[in-house]
Amino acid sequence: MTAIDPTTQTDLGRRVRRHEPLYGEIVEHLEDEVQLLDDNDLMGWYQLLAEDVVYRAPVVVTRAKGERSPYETEMAHFDENAMTIFLKVMRMTQTQSAWAENPASRTRRIVSNVRVFATDVADEHRVESSILLLRSRYDESAYDLLSGRRVDRLRRVDGGFKLAERTIYFDQATLGVQNLAVYL
Amino acid sequence: MAIDDLVITTSPVLNDGKTFDDLIDVAYREVDLRVLSDPEIYRLELDRLFARAWTVLAHEDEIPNPGDFVLRYVGQDEVIVSRNADGTISAVLNVCTHRAAKLCRFEAGNANRFTCAYHGWAFRPDGKFLGSPIPREKMHGELRSKDELGLLQARVDTSWGMVFATFDPEAPTLRDYIGPMAWYWDMMFGRTSNGITVLGAPQRFTIRANWKCAAEQFAGDIFHTLNLHKSMQELELLSTDGPVQEPAMAGLSVSHNGHFVRLFDLAEDHYINALKGRNLKDLDTAERLRLQPPPGMTVDMIDDLVARFEPARLELFAEKPPQVGQLFPNVGALAMPFPMPDGSVSAFFTWRAWVPKGPEEFELFSWTVVERDAPQELRDQMRLMTAATFGTSGFVEVDDTDTWPMQTKASLGAMGRHQKLRYQAIRGEVKPDGWPGPGQVYDGFARDDTQWEFWLAYLKYMTGRPW
């Protein structure tokens, strides 16, 4: 379990160009995925995850330029597999007292700067995207804001895609939010 | 000059003529809500409480080699925590003694000296002033000796590998500060000869709430687990008898000077059923511990455990282990089992600090903790389960971090600030016959007693008589 560091990744596979049909398919998949999350359809979102999904957001440490990666290898804000995600999805959807999201936040996820690369595995692509999450709770006018770079491993399954791995590289060393009770 | 100016042995009078004895009503066990956001009170807390109490900064494994450092906070004061050449650890104020620039700008790294980027004054990691550039211009003058120009040093000590600091030269030693609580905390974090380690730098995130919202809760709020965390019961994680069963919360709480620890009764356990159906009385303690090792341990560690503890505490490991606690004022810890869907038992272990960032905001530092001896598989499992339950995304703590800001916001109103935090569910000290451990003991459901003792300890600091 070594966190990929997007700032040092150099051995990328073949770039899937914007004009290729696959690129459009993948972008549409990412758009459909965030729509499910924005709509708070967690069960629907869970269906897009591979059984062996690895979902992480490493802790960030501000270091001197040129030093080792700012991303911790073991410590993470999100550190999940299908079991822990399922547990959380069950809690959010099947119980009445998951108070962190009851009432639910209003959320908007903006996904952009999508880059797609082939990997050593024929049916899997490395998909990078920038994400901006805006989350509004209660009647507060201030947003919870989170930005980061997502590096996904997207697997072609039965004509669709499943998320096999997602690493979110947050831009903040200290997250400016009270929790991550929502996914991005 | 360190804390001397701040050591005030009288009770301060607030701007409106009130004193802390007015705000903390001992007869009715009520606290004025204004303590959660009053800027005047917050300033006094930084001086009278955070500069004096021992608070946690890091684990020593975060800085294993000479020159390794991390930046952390004592109250709102940023300190450089360094491993010195001789292996000792120092913590010095990260404020250049020249013109107060942030001396070290990196949160972690390795350095044998820190040179200020602003004007170039240089210091050793232990704070000693080495000199200023361009000696012939006498940049640091001759009015102050070089000894006087060193960085302000905190007193540093470690327990369970965790690095603590205080700026108060009058504070007792860390060992005396923790006092009798060590008897219990050793059962969470001192179980093996090799001790505990952390999985790296802590999670850090921001909660728009006063730090005491977390601290008073971690001082023993058992009641909230039944309501705020009701989803655990709905998911049947707390109760083995179905979702409607009210958990008995059998156990025992202990407090001392505002410190807290909660022991959970495994015989009436709502967390583990691995021992269900076994006649425990037929097994000796070591056998029981091998059958179901304490959370976060493997069978291989039991010999070490048995050698390190006397029979009374070994018995407690098998029947009533400590699993959650707080060291006054802002250092929480959890050492809990987690029942996995496949029937096995995993664990979540964490140390955390509620670091104040102003009256209405604190930062939560959350470390994941494992035994240094933990095999990779256990280490990975605890990494996952700790993140899943507590910290930024943990499905237990997310409900807390959404609630604490509400209390703080409530305290801002003209009416709200005069409302009360109430601690009137009184149990009184109940020490079981022959109880082997120290401290003030509350058998059974501890109600509000240990939380109230948090406020009594707080009152001591705020009125200038912590020791």
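Where chain A and chain B touch, chain A puts in 36 residues and chain B puts in 35. Keep in mind that this is a predicted model.

**The contact, from chain B's side**
- Several elements of chain B each give at least two residues to the side that touches chain A: strand 7 (108–110), strand 14 (203–207), helix 7 (230–234), strand 20 (362–371), helix 11 (376–389) and helix 12 (397–410).
- Helix 12 of chain B makes the largest contribution to that side, with six residues.
- Sorted by class, the side of chain B that touches chain A is made up of 16 nonpolar, 10 polar and nine charged residues.

**A mostly covered helix**
- Helix 4 of chain B runs over residues 181–189, and seven of its nine residues are buried.
- Among those buried residues of helix 4 are Tyr184(B), Trp185(B) and Phe189(B).
- Met181(B), Met187(B) and Met188(B) are buried in helix 4 of chain B too, and so is Ala182(B).

- In chain B, three strands make an open, antiparallel sheet, in the order 8-9-10.
- Strand 8 (114–115) and strand 10 (129–131) of chain B are the edge strands, each pairing on one side only.
- Two bridges link strand 8 of chain B with strand 9 (residues 122–123) of chain B, in the antiparallel sense.
- Across from Phe114(B) you'll find Phe123(B), which sits in strand 9 of chain B.

Terms used
Residues numbered from 1 in each chain as written. Chains lettered and ligands numbered in written order. Predicted model: local features only at pLDDT ≥ 70, side-chain atom pairs only at ≥ 80, totals over all residues. Contact = placed C-beta atoms within 7 Å. Helix = DSSP H or I, 4+ residues; strand = E, 2+ residues; numbered from the N terminus. Nonpolar A, V, L, I, M, F, W, Y, C, P; charged D, E, K, R; others polar. Buried ≥ 20, exposed ≤ 12 C-beta atoms within 10 Å, placed from the backbone. Pairing = 2+ DSSP bridges.
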